[in-house]
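Dear colleague,

I am passing a structure on to you, together with some notes on what I found when going through it.

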Amino acid sequence: MHEILKALNAGEAVIYPTETLYAIGCDAYNVEAANKVAEIKGRSKSKPLPLIIGGLDMLRLVTDHAPEEMVSLARAFWPGPLSILVKARPELPDIVSDADGYTSVRWSGHPFASELSRRLKRPVVATSANLSGNPPAAVPEAIDPELLAMCGAAYLDPPWPRGGKASSVVRVLGPTSLKLLREGAVSLKKLCDKGFAVTFS
């Protein structure tokens with residue numbers, strides 16, 4: 001943990017485990033570091049970088065607008081692999097939000113990822129640790145050595161990610177209404193079972 005935090009505070013990119021896959025990330029408030037993550041990965045800067053936090057109380061570091069229906073959704077699925085679209089705080093780098101100013105955030109269910117954000121006291125960028133176009137990694141040996149070499153530090157000890165699908169991404173439309181932007185580790189059925197009406201357009 002110490003080496004990862006040291007690298008984050010130095011503005012470097014790091015590789016760390018989340019509940020689903022390994023992620024490459026940085027301090028979400030560091031503009032240069034966020035741009036570096038996109039460059040290392042070969043990711044288009046028009047694709048917003050997702051964020052993770054270490055608790056529901058840290059949501060205020062990502063957005064100034066957290067209506068009760070969004071908080072209720074978060075309480076139902078966090079910590080866990082459900083990313084929620086929120087209006088990004090203006091202090092966050094442009095690269096973490098879309099053209100309308102929205103970013104995706106989740107409270108990671110992985111103990112290391114969650115604690116990393118809490119100790120940094122800021123949200124952390126969390127995009128899959130792979131070069132764009134290549135498959136994501138869920139085990140240390142699947143991480144591209146080239147990617148590792150370009151990062152300031154990596155945490156590869158257990159507990160490892162469980163693998164499978166990446167996080168699901170949703171946008172809150174109303175008190176019990178959601179738009180599913182990407183179905184991933186949280187299935188459509190799980191969302192519906194919690195009483196949400198889900199649309200796709």
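Predicted model: local features only at pLDDT ≥ 70, side-chain atom pairs only at ≥ 80, totals over all residues.

The overall picture

The protein contains six helices and eleven strands. Its radius of gyration is 16 Å, close to the 17 Å that the globule rule gives for 201 residues, so the protein is as compact as a globular protein of that length. Taken along the principal axes, the box that the C-alpha atoms fill is roughly 45 × 35 × 30 Å. Of the 201 residues, 51% are buried, and the accessible surface comes to about 9100 Å², with 52% of that surface belonging to carbon and sulfur atoms.

Helix 1

Helix 1 covers residues 2-9, and its buried residues are Ile4, Leu5, Ala7 and Leu8. These residues lie on the same side of helix 1, because they cover an arc of only 160° around the axis. The exposed residues His2, Lys6 and Asn9 are carried by the face that is turned away from the buried side of helix 1. As for what covers the buried residues of helix 1, this includes strand 1 (14-17), strand 2, helix 4 (111-120) and strand 8 (153-154). Just after helix 1 comes glycine 11, which takes a positive phi of about 80°.

Helix 2

Helix 2, residues 31-41, can be read in a similar order. At its start, a side-chain oxygen of asparagine 30 reaches to within 3.2 Å of the backbone nitrogen of glutamate 32. The buried residues of helix 2 are Ala33, Ala34, Val37, Ala38, Ile40 and Lys41; because they cover an arc of only 165° around the axis, they are on the same side of helix 2. They pack against strand 2 (22-25), strand 6 (124-125), strand 7 (127-128) and helix 5 (145-149), whereas the face turned away from the buried side carries the exposed residues Glu32 and Glu39. Helix 2 is followed by glycine 42, and the phi of glycine 42 is positive, near 75°.

Backbone details

Most residues other than glycine have a negative phi, and most peptide bonds are trans. The peptide bond from tryptophan 78 to proline 79 is cis, with omega near -5°, and proline 79 sits in the loop between helix 3 (68-77) and strand 4 (82-87). The peptide bond from proline 158 to proline 159 is cis as well, with omega near 0°, and proline 159 is found in the loop between strand 8 and strand 9 (168-174). Lysine 121, a residue other than glycine, has a positive phi, near 70°; its place is in the loop between helix 4 and strand 6, and lysine 121 is exposed, with a relative accessible area of 63%.

Notes
Residues numbered from 1 in each chain as written. Heavy atoms only, no water. Buried < 20%, exposed > 50% of the residue type's maximum accessible area, 1.4 Å probe, protein only. Helix = DSSP H or I, 4+ residues; strand = E, 2+ residues; numbered from the N terminus. Arc of directions from axis to C-beta. Contact = heavy atoms within 4.5 Å. Polar contact = N/O pair within 3.5 Å; in protein donor to acceptor, adjacent residues only side chain to side chain. Rg over C-alpha atoms; globule rule 2.2 N^0.38 Å. Areas by Shrake-Rupley, 256 points an atom, 1.4 Å probe, with all protein chains shown as cover.
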